[in-house]
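Good morning, and thank you for coming.

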Amino acid sequence: MTNSNNFPEARYELVNPDPLKTDEYILNMGPQHPSTHGVLRVLLKTDGEIVESATPYIGYLHRTFEKHAEHMTWPQIVPYVDRMDYLASMNNDLGYALAVEKLMGLEVNERAQYLRVIVAELNRIASHLVYFGTYGLDVGAFTPFLYAFRERERIVDLFEEISGARLLYNYIWIGGVAFDAPEGWLDKVAEFCDYFEPRIKEYNDLLSYNKIFIERTANVGVIPADLAINYGLSGPSLRGSGVKFDLRKNDPYCIYDRFDFDICYGTGEKGTLGDTWDRYFVRIQEMVESVKIIRQALKQIPDGDAKETVPKNVRVPKGEIYFRSETPRGELGYYIVSDGGKNPVRVKVRAPAFSNLSIIPAIAPGLMVADLVAVLGSLDIVLGEIDR
Amino acid sequence: MEAKDIHQKLKDKFQDAILDFNEEVLQPYIVVAADKVDEIAEFLRDDDDLQFDYLNSLSSLDLGENLGVVYHLYSMSKDHKIVIKTEVPKDKPDVKTVSHIWRTADWHEREAYDLMGINFVNHPDLRRILLPDDWEGHPLRKDYVPQKSWHGIPTTLKGETEDDEQQ
């Protein structure tokens, strides 16, 4: 039979006649890839769909924060720490302010303390909402993203009203807060809590208990508890492995010991303990706990002048401190050294996402490429604080 | 366990390698010899009374003549913490790695190497982590002078360079 397509005769021979033999394939995931949540490059060596090794390359967002900090006065550093974890600026500010205050031995005004907790917990909800939305996108569900940003918008509006900014707030200062709450703001927060709490059921119906979502996330990327601790994982990523450890409870700072709330941790409900679904669901539960804390804070908050204890000149005595606090991503540590001068001698930041990301080379081998996306997403990394 | 008990326990075991102890500060610290850090770390992690299973942070310091490394340790099971410090001279900044004891230290040591130029002996993969591989110098040292350009990209703005020349 003649060849009707007029294809020329093959002029080559197959070098590798074994049709099943494949080569190792090197794939660059990122630096611009939606699932890397910023500019992260992961160098993958793959065998077909299976990842043989994954090496993260970071530093694309490095802005030499630690060097800058050595040349600035103590209060000037606050706007810079905003820019590390830009999804949870309030929590970054809070950690820094508390560290410096502890070094100074400064007692902060009660009203300011409560305002700090309220904004920090609102920011935790906002950050977890971004996680919930983008994690849906990572595994192929577009709709949750729209729901998440609908609610986040209300939190951002509240922040705009109290601090003037929508993303980088510069609100929590050394010794207090930048502004007292405007009139009626606390009522609006209470209103938001009432509005927000029923939404969580919506999220669960939409994504958490969605059969397709569970198939995609349960039993994938399992991190055992001892491995998580050895790699320095913290926050929801650690608790997802079943470790009941939350700095707000285990090493209380600020006024967190006055509130009644539970530590959320993974139980292996849909698959294996420590899988991506567990890490995801811890964050959903934490939003409920944050609402609980905010409600109690709103009840207890006293009157007073929130700016009363903000010092005109910040004088930090000679000394050093490592202060850790719980941000939405985990343990944010500031190691601050002062020689009594106008500038710090050293500000080292232990970013939670930095350690959380470092576990990727250990758990990636054997995963499918698409599952690696689910695992990366479940760790909730923010490159701003990894690269600093 | 209190800091002074931890110090006593280390002193009994390692004697001369434990150089100093200070508990008059906010967070008590123990100074140890740089070439024994890995053995001490292993003991801190594996001893039944200590069980320091969590490395919070590994920081580097420029102390003028010397470079310092500071380990902040925490025990999840025992709920106690301690600060371990070590110092090395600037011309031979060799510290034994602890990356095989706490995997957290892997990236933190790479960061300390990258930004402060501390050489972690026996680290499996000591590369720069935040800066480009061919960057010159270690920016967090107090005497650091940035290179003029990197692959044809000037590292300082025009105005800044002129100021530098005037000085």
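**A sheet in chain A**

In this predicted model, strands β6, β7 and β8 of chain A form an open sheet of 3 strands, in the order β6-β7-β8 and with antiparallel pairing. The edge strands are β6 and β8 of chain A, each of which pairs on one side only. From one strand to the next, the twist averages 15°.

Let me turn to one of the pairings. β7(A) and β8(A) run antiparallel and are joined by 5 bridges. Within β8(A), V347(A) is the residue that stands opposite I336(A).

Which helix lies across β6 and β7 of chain A? It is helix α3 of chain A, residues 89-104, and this helix runs at about 150° to β6(A).

**Where the chains meet**

Contacts between the chains involve 26 residues of chain A and 23 residues of chain B. On the side of chain A that touches chain B, at least two residues each are supplied by α1 (65-69), α9 (225-230), β6 (319-327), β7 (330-338), β8 (346-350) and α13 (352-357). The residues of that side divide into 9 nonpolar, 9 polar and 8 charged. For the complex, the predictor gives an ipTM of 0.87 and a pTM of 0.87.

Two loops of chain A deserve a remark here. Most residues other than glycine have a negative phi. T64(A), however, has a positive phi near 50°, and its place is in the loop between β3 (50-57) and α1 of chain A. Is T64(A) buried or partly exposed? T64(A) counts as partly exposed because it has 16 C-beta neighbours inside 10 Å.

N219(A) is not a glycine either, and its phi is positive, at about 65°. This residue lies in the loop between α8 (211-217) and α9 of chain A. N219(A) is partly exposed, because 15 other C-beta atoms lie within 10 Å.

**The interior**

In soluble globular proteins, nonpolar side chains tend to be buried together. Here the largest nonpolar core has 147 residues, and V100(A) and I118(A) are those with the most contacts inside it. Helix α4 of chain A, residues 110-138, gives the largest share of this core, namely 14 residues. Beyond its neighbours within four places in sequence, I118(A) is in contact with V189(A), I294(A) and A297(A).

D82(A) lies in helix α2 of chain A, residues 78-82. Why does D82(A) count as buried? The reason is that 23 other C-beta atoms lie within 10 Å of D82(A), where 20 or more are needed. Apart from neighbours within four places in sequence, the contacts of D82(A) include S89(A), N92(A) and D93(A), as well as L168(A), Y169(A) and N170(A). D82(A) and L167(A) are 85 residues apart in sequence, with a C-alpha to C-alpha separation of 8.7 Å in space.

**Chain B**

Chain B has 4 helices and 9 strands, and its pattern along the sequence is α-β-β-α-β-β-β-β-α-β-β-β-α. Its C-alpha trace spans about 60 × 30 × 25 Å along the principal axes. Of the 167 residues in chain B, 37% are buried. Among contacts in chain B with a separation of 6 or more, 46% join residues 24 or more positions apart.

I would draw your attention to strand β4 of chain B, residues 66-74, where 8 of the 9 residues are buried. β4(B) pairs with β3(B), residues 54-62, in the antiparallel sense over 8 bridges, and L55(B) stands opposite L73(B). The hairpin of these strands has 3 residues between them, and G64(B) takes a positive phi near 95°.

β4(B) also runs antiparallel to β5(B), residues 81-89, through 9 bridges. In that pairing, P89(B) is the bridge partner of N66(B). This second hairpin has 6 residues between its strands, and D79(B) in the turn has a positive phi of about 55°.

Finally, a word on confidence. Chain B averages a pLDDT of 86, and 94% of the residues score at least 70. Within chain B, confidence is highest in β4(B), at 92, and lowest in helix α4 of chain B, residues 158-166, at a mean of 54.

Notes. Residues are numbered from 1 along each chain as its sequence is written. Chains are lettered from A and ligands numbered from 1 in the order in which they are written. This is a predicted model: local features need pLDDT of at least 70, side-chain atom pairs count only at pLDDT 80 or more; totals for chains, interfaces and linings use all residues. Two residues are in contact if their C-beta atoms, placed from the backbone, lie within 7 Å. Ala, Val, Leu, Ile, Met, Phe, Trp, Tyr, Cys and Pro count as nonpolar, Asp, Glu, Lys and Arg as charged, and the others, Gly among them, as polar. A residue is buried if 20 or more other C-beta atoms lie within 10 Å of its own, exposed if 12 or fewer, and partly exposed in between; C-beta atoms are placed from the backbone. Two strands pair if DSSP finds at least two bridges between them. A nonpolar core is a set of buried Ala, Val, Leu, Ile, Met, Phe, Trp, Tyr and Cys residues joined through C-beta atoms within 7 Å. pLDDT is the predictor's confidence in each residue, from 0 to 100. Axes are lines fitted to C-alpha atoms, for helices over the stretch in contact, and angles run from 0 to 180 degrees between N-to-C directions.
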